[in-house]
Amino acid sequence: MERKKKRSEVQVIPMNPGSRETPSPLIYLNNAATSWPKPPGVLEEVARCLQLPLCETGRTTGTGSVDYPTAAREALAAFFHAGPHQNFIFTQNATDSLNLLVHGFAKKAGAPFHTITTELEHNSVLRPLSALEQDGAIRLSVVPFRDNMVGLAEIKQAICPETRLVVMTHGSNVLGSVQDIRPIAEYLKANDIFLIVDGAQTSGHIPVDLSDIPVGAFVFTGHKALFGIPGTGGFFIPDPEAIAITRQGGTGTDSRTLTHPCGMPERFEAGTPNYPGIASLCGGIGFIVSTGLDELERKNRDLTRFFIRELKNVPGVTIYNENPGLPVVSFNIAGIDNQDAGFILARAYNVITRTGLHCAPLVHERIDGGKGCIRASFSYFTTRDECLVAADAIREVAESADPQVRPD
């Protein structure tokens, strides 16, 4: 099938540098890592931000510019149905947010306590908790998943009288499964257990109504489905006093005292913020709202189902979750290492995926013996034709990797 050139003229170096064959247009299927391309409005907002002088309370006497931090907080509060908007905090990314929250909670607790997490977690959760466990600050229990999910029953089984904290993902970056966090959040709140939810994969893909989910903190990142640029993320926290201050510095407020301010958002933010990144969040959320989250979710769901149907027709391909709630499809090809397969797809077909352990080693211990897999992930800008071309490329790789899977 002939594939039309669409949004990009990006090309890779052919496997044979002397070949005269024109490389295929880029097919980018790594949106669960970082979404690409960005909506034009996002790039325009970043350019506009860089063309304007800095405007932030306490740091400038200028007027007539755009207070991007406030605008972005208000946009996030409306998007996630949560407030007050000052309780949305900006960080470098979801990993930065999780570190600040996890270590801040432990500092506030003082004495060692019991913590629960799950096998579905990204290393941005597992490594901070592991560090606290090694320091003797916490005792850690890791809850297994069942049928790609972790539910309230599994969490309840791990709770003990010393449990003070649960940290868990909303959506798996490997299996694409979405956890039903509302009943978990309600149970934990009723039992005075703080819940930190990693929403890096779900924010921008599915509706998240934080007015209806009593989380302790909800983490998001800017550069995935919120369509922002890298280097921006944050979290929402209804009760800031639950997390100790772990960073100190300039805030532009209460500068006479050498003690870091406790008010919001200064409590968790120090230094000059990432203005271009925050501006990109304004543009990204604006794009989602104008397009309609329902429309984005529908298209991503249709693409994911189509791609899975195509892969199921390829002998030698193992799909690890055939019913993901997110546009994430993880698979392996018989007879070839996942990283080799990803390299071939990129260099020979210009199909960009993600390979390896995806920073989620405990998931892979369960599904593939720790070998890792290939992950294809889609965005609103992925086309059906691109999915078909990618599936055909995977079919060719599978046939060349293992002659036994070739059709007669």
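Colleague: Why is Phe287 called buried?

Modeller: Phe287 has a relative accessible area of 16%. Buried means under 20% relative accessible area, exposed over 50%, and partly exposed in between, with a 1.4 Å probe and protein chains only. The value of 16% therefore places Phe287 among the buried residues. Please note that this is a predicted model, in which local features need pLDDT of at least 70 and side-chain atom pairs count only at pLDDT 80 or more, while totals for chains, interfaces and linings use all residues. Residues are numbered from 1 along each chain as its sequence is written, and side-chain values use heavy atoms, with hydrogens and water left out.

Colleague: What makes Phe381 partly exposed?

Modeller: The relative accessibility of Phe381 is 21%.

Colleague: How many aromatic pairs does a search of the whole structure find?

Modeller: The search finds 16 aromatic pairs. Rings of Phe, Tyr and Trp (its six-membered ring) pair if their centres lie within 6.5 Å; planes under 30 degrees apart count as stacked, over 60 as edge-to-face and the rest as tilted.

Colleague: Why is the pair of Phe88 and Phe220 called tilted?

Modeller: The ring centres are 6.4 Å apart, which is within the limit, and the planes stand at 50 degrees, so the pair is tilted. Phe88 belongs to strand S2 and Phe220 to strand S7, so the pair ties together parts that are 132 residues apart in sequence. Helices (H or I, at least four residues) and strands (E, at least two) are DSSP runs, numbered from the N terminus. Phe88 and Phe220 are both buried.

Colleague: What makes the pair of Phe287 and Phe381 stacked?

Modeller: The distance is 5.5 Å centre to centre, and 25 degrees lie between the planes, which is under the 30 degrees set for stacking. This pair links distant parts of the chain, with Phe287 in helix H7 and Phe381 in the loop between strand S13 (373-377) and helix H11 (384-401), 94 residues apart.

Colleague: How do you know that the charged end of Arg366 sits over the ring of Phe145?

Modeller: A charge sits over a ring if NZ of Lys or CZ of Arg is within 6 Å of the ring centre and within 35 degrees of the ring normal. The charged end of Arg366 is 4.2 Å from the centre of the Phe145 ring and is found to sit over that ring. Likewise, the charged end of Arg384 sits over the ring of Phe306, 4.0 Å from its centre.

Colleague: Are Asp192 and Phe227 buried or exposed?

Modeller: Asp192 has a relative accessible area of 65%, over the 50% cut-off, and is therefore exposed. Phe227 has a value of 3%, under 20%, and is therefore buried. Asp192 has a positive phi of about 60 degrees although it is not a glycine, and phi of Phe227 is near 70 degrees, also in a residue other than glycine.

Colleague: What makes strand S10 mostly covered?

Modeller: Six of the six residues of S10 (residues 328-333) are buried. Val328, Ser330 and Asn332 point one way from the strand, and Val329, Phe331 and Ile333 the other way. In a regular strand the side chains alternate between the two faces of the sheet.

Colleague: How do you know that S10 pairs with S13?

Modeller: Two strands pair if DSSP finds at least two bridges between them. S10 and S13 have four bridges, in the antiparallel sense, and therefore pair. In this pairing, Ser330 stands opposite Arg375 in S13.
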